[in-house]
Amino acid sequence: MTHPFYAIHSHGLIRVAAATPRASVGDTAANAAATIALAQEADDRGVDLVVFPELNLTSYAIDDLHLQTAQQRATLSAIATVVAASATLRPVLLVGAALVRGGRLYNCALAIARGRLLGVVPKSFLPNYREFYEKRWFASGAGLAGLTIELGGETVPFGTDLIFAARDLPGFVFHAEICEDYWAPTPPSTMGALAGALICCNLSASNIVIGKARERAMLAAAQSARAICAYVYAAAGPGESTTEVAWDGQGLIHELGEQLAESKRFATEPELVVADVDCERITQERLRFGTFNDAAVLAGHPETRMRRIAFDHAPDHDDTSFTRTVRRFPFVPNDPARRDEDCYEAFNIQVEALSKRLVAAHAETIVIGVSGGLDSTHALIVAAKAMDRLGRPRTNILGFTMPGFATGEGTKANAWALMRALGITAEEIDIRPAAQRMLEDIGHPFSDGEPVYDITFENVQAGLRTDYLFRLANQRRGIVLGTGDLSEMALGWCTYGVGDQMSHYAVNSGVPKTLIQFLIRWCIRTDQYDATTDAILSTILAQEISPELVPAGADGALQSTESMIGPYALNDFFAHYVIRHGLAPSKIAFLAWHAWRDASVGAWPADLPATARVAYDLPTIRHWLEKFLHRFFTTSQFKRSAMPNGPKVCAGGALSPRGDWRAPSDGNATLWIEELRSGVPTG
């Protein structure tokens, strides 16, 4: 596939690798050969940056041999060999070596690209405790800036003030630190990130003891989250001296606190662990996190002190596949334990939020319209749990089923069954007479018997339901509980004003439709209610999503929401990357295509029904993404600008104008749609 859409570099993605070569005890020629072999493998796999372990060319655990002239000269020869071999290779290499400069020996990281030595970064923090004695051999590079070193007849930048940036590939900006540096309270990579590096790298030896692998992973995750970067960590593996310690060769790649890849550890063969890091996502995260800039200001603007070493990477924009796992459901983890933890938190956020609002409003009752659909079902079970938590009877929940012209007997029966099972006060108000009168009053053709089912026909019913609920709340000293979810607010799939867009408290407004389904499953699985309620909840989960505002056609088919606005699985995917990350539409389409194009590939949330495990091709994704962009940016913001209060639930964002999302109500989607059309192939 030759279209730029299929290339990772078109979407701000950089392929990185943590390398674990077979080490030696000071055999620099063997170390150079092992380094080159992995560099060649990385080239074959389309890698842009390879991080090797600390002192991988010199060897780490050789103690006083570091101070031998023969060893030092052999290291220089190994460097020259690797630099020469890199001339025809794609990846930038970060290798480790001990170098003499100014009568001192430094533990260094060397950046090498296409036959050129870009710069040398000395280690800042030298461990000299427990099994470590680095100050016996090495000098600290802390504070060294603006310097050079002579290597191979060339003058090369030297110091801890270096970051490296590709001239021809935006986002490919990296920083190097060495082992102990990221165990320090002030890791040098923090300054590198504040100066603009998006990928922070650690060349580490790090012998292994029980529990240390967890500690390394914790530090890499924490630094990638705190410094808002990708973090690539490579530790020394088998072959290093085991005179006093042992090695496991742990390789880690993290991004914004999330682990993307990890090596096998204790492997007998060399290993290259590879992942595609999203530098566009990292940049967008920094733009959203003002504290990142404040930290740069407080640190005296590190970018004014750091030297940016430029190089030409020559990306070819070919399709080099995609090594990153993209969750189909960004709001729902695939891992069952994490899924259940997230569901527990989401559900209890809603219950706590509603409990507080009831107390603050001095409300005696909750008034809710119960349709037998997903959203009103979820809002009702949250309300039941809130009443339980407050020690109030569930009969203080006043549930109303309000059948209209297209209400199905099945959904109405489910509504009644659920209300009875939960023990709330249940009533029915048939809105058809009032709707018929309103349609007559405004001269709508339906009132004369014509089968005209337009938006007015639908909204007369939706508006009447809300009007009844508000008047009932006035009458019965209660608040109207909104049932609409985040997905509907993103799409504008709600009736404005006197309609389901409005309520006294919108408890579902921070929860996307896909997560609501998993929350209900979680309630069933964890016995939040009784067996009778669980059975009804299972029945509701199995039915098709429908607004039931238009009568069934001649074939008996009910009005289908997803046939009109697109699959909620795709819409929630789109919403996540628009709201939370602000990615370009072509990038969102690229991620969606890789996530959804093959139902047999990749993980699914464990309790997702088999019938929901479907695939979407690129034309389908492109079609529904364009519809989503139009609805989100052009037609629905005015509804969000006037939405009622409701709790934020997902880190992925919320749409309240008082919270995560502020946008003009009279905006348009032109530039987003044009970017999609120009950036995504039609076939």
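Predicted model: local features only at pLDDT ≥ 70, side-chain atom pairs only at ≥ 80, totals over all residues.

Reader: Which residue in the turn between β4 and β5 has a positive phi?

Author: Helices (H or I, at least four residues) and strands (E, at least two) are DSSP runs, numbered from the N terminus, and two strands pair if DSSP finds at least two bridges between them. β4 and β5 form a hairpin, with two residues between them. The phi is about 45°, and the residue is Arg114.

Reader: How many of the residues of strand β5 are buried?

Author: Buried means under 20% relative accessible area, with exposed over 50% and partly exposed in between (1.4 Å probe, protein chains only). Strand β5 covers residues 116-122 and is largely enclosed by the rest of the structure, because the buried ones number six of the seven.

Reader: In the open sheet of seven strands, which are the edge strands?

Author: The order is β13-β12-β11-β10-β9-β8-β15, with mixed pairing. An edge strand pairs on one side only, and here those strands are β13 (258-262) and β15 (307-311).

Reader: Which residue in β9 is the bridge partner of Phe164?

Author: Strand β8 (residues 162-166) pairs with strand β9 (residues 173-178) over two bridges, in the antiparallel sense. In β9, the partner of Phe164 is Phe174.

Reader: What angle does the direction of helix α4 make with that of β12?

Author: Axes are lines fitted to C-alpha atoms, for helices over the stretch in contact, and angles run from 0 to 180 degrees between N-to-C directions. Contact means heavy atoms within 4.5 Å. Helix α4 (residues 212-226) packs on the sheet and touches β11 (230-234), β12 (251-255) and β13; the angle with β12 is about 25°.

Reader: Is Pro302 buried or exposed?

Author: Pro302 sits in the loop between α6 (290-298) and β15. Leaving aside neighbours within four places in sequence, Pro302 is in contact with Met191, Leu194, Ala195 and Ala296. With a relative accessible area of 1%, Pro302 is buried.

Reader: In the open sheet of five strands, what is the pairing?

Author: The order is β18-β17-β16-β19-β20. Three bridges join strand β16 (residues 365-369) to strand β19 (residues 478-482), and in β19 the partner of Thr365 is Gly478. The pairing in this sheet is parallel.

Reader: Which strands does helix α8 touch?

Author: Helix α7 (residues 336-360) packs on this sheet, touching β16, β19 and β20. Helix α8 (residues 374-390) packs on the sheet too, and its direction makes about 165° with that of β16. The strands that α8 touches are β16, β17 (397-401) and β19.

Reader: What percentage of the residues in the chain are buried?

Author: Now for the whole chain, which has 20 helices and 20 strands. Its C-alpha atoms fill a box of roughly 100 × 55 × 45 Å, taken along the principal axes. Of the 683 residues, the buried ones make up 58%.

Conventions
Residues numbered from 1 in each chain as written. Heavy atoms only, no water.
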